[in-house]
Amino acid sequence: MQAPDPTRFILIGTSHPGNVGAAARAMKVMGFSDLVLVAPRDPQVLQRDEAVAMASGATDVLAAARVVATLPEALEGVTYLCATAMTPRDFGPPTQAPRALFATLAPSQERVAFLFGSERFGMANEDVYRCHACLSIPTRADYGSLNLSQAVQLIAYDWREALGGFDVEPRTTEATLADAASVQGLLAHWQETMVEIGFLDPAAPKKLLPRLNQLINRARLSREEVDILRGLARFVGKPRG
């Protein structure tokens, strides 16, 4: 049985269906699914075509999401709250960069929630005051504007990395390296070709071949690449009529 999602993403007063769908997508790619909307501008936002379109396959997150009237309703079971607020405040929880906080928070047994304010007004002071920490995504000092779903993606990524991350799946097969015998065969072939075209004087080869050998060793050629270079040597050495 799969363990319950340890993280909740809470969107407060959201106004744009597209942002809700994009936030669901951002959560799913990082392995999170617990989404709660607090008093969205449109109570039917989860069913809107724009939300479904922007979810781009994360419709299961939308289908499981809850809509509640107040923030306290969204906090059931949560033990540690993180506000995401750009506006400086005279009073409230300490402001921290996500990665610095997550490094200490991830090993704990806390049930964590990330709170995001509305697109136009951000988070209200009273909502920030409920939180244990205020996250500040490091951005340029003179331009820190992030779309709601972009902020969700950044927080979800850093939190997933702190929890252990996902393995990178290879997209290409690893090439089979050419063995030493194949490399020496390639060098012998090119030696013959260079002599034929007058590039190499066999009476005074100097260090051309050892240098080519070192170049090929650094390149770590695959079998296919050796075949290509031998084919090139055959073409270069062809008589021209």
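Leu37 has Val67 as its bridge partner in strand 3. Strand 3 (residues 66-68) is joined to strand 2 by three bridges, in the parallel sense; two strands count as paired if DSSP finds at least two bridges between them. Helices (H or I, at least four residues) and strands (E, at least two) are DSSP runs, numbered from the N terminus. This is a predicted model, in which local features need pLDDT of at least 70 and side-chain atom pairs count only at pLDDT 80 or more, while totals for chains, interfaces and linings use all residues. Residues are numbered from 1 along each chain as its sequence is written, and side-chain values use heavy atoms, with hydrogens and water left out.

Strand 2 also pairs with strand 1 (residues 7-12), running parallel to it over five bridges. Here Leu37 is the bridge partner of Leu11, and Leu35 stands opposite Phe9.

The whole sheet is open and has seven strands in the order 3-2-1-6-4-7-5, with parallel pairing. At its edges are strand 3 and strand 5 (95-96), each of which pairs on one side only. Helix 1 packs on this sheet and touches strand 1 and strand 2, contact being heavy atoms within 4.5 Å. The direction of helix 1 makes about 155 degrees with that of strand 2; axes are lines fitted to C-alpha atoms, for helices over the stretch in contact, and angles run from 0 to 180 degrees between N-to-C directions. Helix 7 (residues 148-163) packs on the sheet as well, touching strand 1, strand 4 (80-84), strand 6 (112-116) and strand 7 (133-135), and its direction makes about 160 degrees with that of strand 6.

Why is strand 2 largely enclosed by the rest of the structure? Five of the five residues of strand 2 (residues 34-38) are buried, that is, under 20% relative accessible area with a 1.4 Å probe, protein chains only. Asp34, Val36 and Val38 cover one side, and Leu35 and Leu37 the other.

How values were computed:
Buried < 20%, exposed > 50% of the residue type's maximum accessible area, 1.4 Å probe, protein only.
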